[in-house]
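Trainee: I would like to learn how to read a model like this one. Can we go through it feature by feature?

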Amino acid sequence: MSRRQLLPVIAAALALGVPSAGALRVPAAPKCPVFPKTNPWNQRVDRLPVAANSAAIVNSIGASTGLHADFGSGLWDGSPIGIPFDVVTKTTPRSRVGFEYSDESDHVGYPIPKRVHIEGGSDHHALLLDRNACRLYELGGLERQTGRWHAWAGATWNLRSNKVRPAGWTSADAAGLPIFPGLARWDEAKRGSIDHALRVTVSRTRRAFVYPARHYASSLTDPSLPPMGLRVRLKASFDIRPFPKQARIVLTALKRYGMIVADNGSNWYISGAPSPGWSNDQLHTLGRVTGSSFEVVDTSKLHP
């Protein structure tokens, strides 16, 4: 097929919402994908149907509540704004960690560097990417207790695989999902495109989970509440042109890839990694986008 013949084929594929080449690789780990391009985090959802109960779920989260970028530059209460991560190597010493949810945690050696970056606030997440093994390690509630590491839960994933955790198992996130692939990262924004779904928190969830989530953290059964793993996207009709560049990049990702409910927290709080490259003023404009501009996606056919 000639190049001229190939161009219409490419255009048609893009129009159908064919998955992208996958999330941008981390500059410090260029040989490692952030999961395969067929992974749910990396699959576009702008052509999937709207879920039948979309309006009820959006209303339960907050139709008039604005988005909030839970990441940025500088410090808040003495800690970087967002969830940091560390790129480690095969030579990083492995540490044993004690777990509160021991039966749902991965009991392996965790490559915790001497100056590990731990999220501020109450969650104390630590995200560790081994660039030699292309393996992701995540810990929630990480702290030192009497000279030893302790966390509420720990999990690990092969970044070259779509394998999920056993059904019913938590992770460093309440949904049993990895956190890292759902972060907005400055290296992506600097390039001009975030090519994956983003992680979002909501205050109330249902006692249920949908793929790719593996765990719930609620006793509520109201069907209007979101289950863990719910995928929500920004409506195609929403005009993002008035927003500054960094906000437009986030909003474009939310149109194409959406966001996945991954934990209980403040409504419509989007996760990202801290960086001095972020403009807090630009990210703050996301608050003008309210829940009514979103719709729940029917992801029943979204599998690797």
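Trainee: Which residue in strand 15 is the bridge partner of valine 202?

Mentor: Ground rules come first. This is a predicted model, in which local features need pLDDT of at least 70, side-chain atom pairs count only at pLDDT 80 or more, and totals for chains, interfaces and linings use all residues. Residues are numbered from 1 along each chain as its sequence is written, and side-chain values use heavy atoms, with hydrogens and water left out. Strands (E, at least two residues) and helices (H or I, at least four) are DSSP runs numbered from the N terminus. Two strands pair if DSSP finds at least two bridges between them. Here, valine 202 has asparagine 264 of strand 15 as its bridge partner. Another such pair is arginine 199 with isoleucine 260 of strand 15.

Trainee: How many bridges join strand 13 to strand 15?

Mentor: Five, and the two strands run parallel. Strand 15 covers residues 259-264. Strand 13 also pairs with strand 16 (residues 269-271), in the antiparallel sense over two bridges. There, valine 200 stands opposite isoleucine 270.

Trainee: Is strand 13 mostly covered or mostly open?

Mentor: Judge that by relative accessible area. Buried means under 20%, exposed over 50%, and partly exposed in between (1.4 Å probe, protein chains only). Strand 13 spans residues 198-202, and five of its five residues are buried. Leu198, Val200 and Val202 point one way. Arg199 and Thr201 point the other way, and they are buried too.

Trainee: What is the strand order of the open sheet?

Mentor: The order is 1-16-13-15-14-17. That makes six strands, with mixed pairing. Strand 1 (68-70) and strand 17 (294-296) stand at the edges with a single partner strand each, so one side of each has no neighbour in the sheet. For angles, axes are lines fitted to C-alpha atoms, for helices over the stretch in contact, and values run from 0 to 180 degrees between N-to-C directions. Neighbouring strands of this sheet are turned by 40° against each other on average, direction ignored.

Trainee: Which strands does helix 2 touch as it packs on the sheet?

Mentor: Contact means heavy atoms within 4.5 Å. Helix 2 (residues 54-61) touches strand 13 and strand 17, and its direction makes about 120° with that of strand 17. Helix 4 (residues 245-256) packs on the sheet too, touching strand 13, strand 14 (231-234), strand 15, strand 16 and strand 17. The direction of helix 4 makes about 125° with that of strand 14.

Trainee: What is the volume of the largest pocket?

Mentor: First, the method. On a 1 Å grid over the protein atoms alone, a cavity is a set of points where a 1.4 Å probe fits but cannot get out, while a pocket is an open set with protein on both sides within 12 Å along at least five of seven lines; lining residues have an atom within 4 Å of a point. Grid points are joined across faces, edges and corners, and a volume is the space filled by probe spheres set on the points. The largest pocket comes to about 750 Å³. Its lining has 33 residues, and His68, Asp70, Ile81, Gly82 and Tyr269 lie nearest the centre. Strand 13 and helix 5 (280-284) are among the elements that each supply at least two lining residues.

Trainee: How many cavities of 30 Å³ or more does the search find?

Mentor: Two. The largest cavity holds about 110 Å³ of space. Of its 14 lining residues, Asn39, Trp157, Lys163, Val164 and Pro178 are the closest to its centre. The second largest cavity has a volume of about 40 Å³. Its lining includes Tyr211, Pro212 and Ile260.

Trainee: Which residues does the cis peptide bond join?

Mentor: Tyrosine 211 and proline 212, with omega about 10°. Proline 212 sits in the loop between strand 13 and strand 14.

Trainee: Where is threonine 146 found?

Mentor: Look in the loop between strand 10 (143-145) and strand 11 (148-151). Threonine 146 counts as exposed because its relative accessibility is 82%. Histidine 124 also has a positive phi, about 50°, and is not a glycine. Histidine 124 is partly exposed, at 26% relative accessibility.
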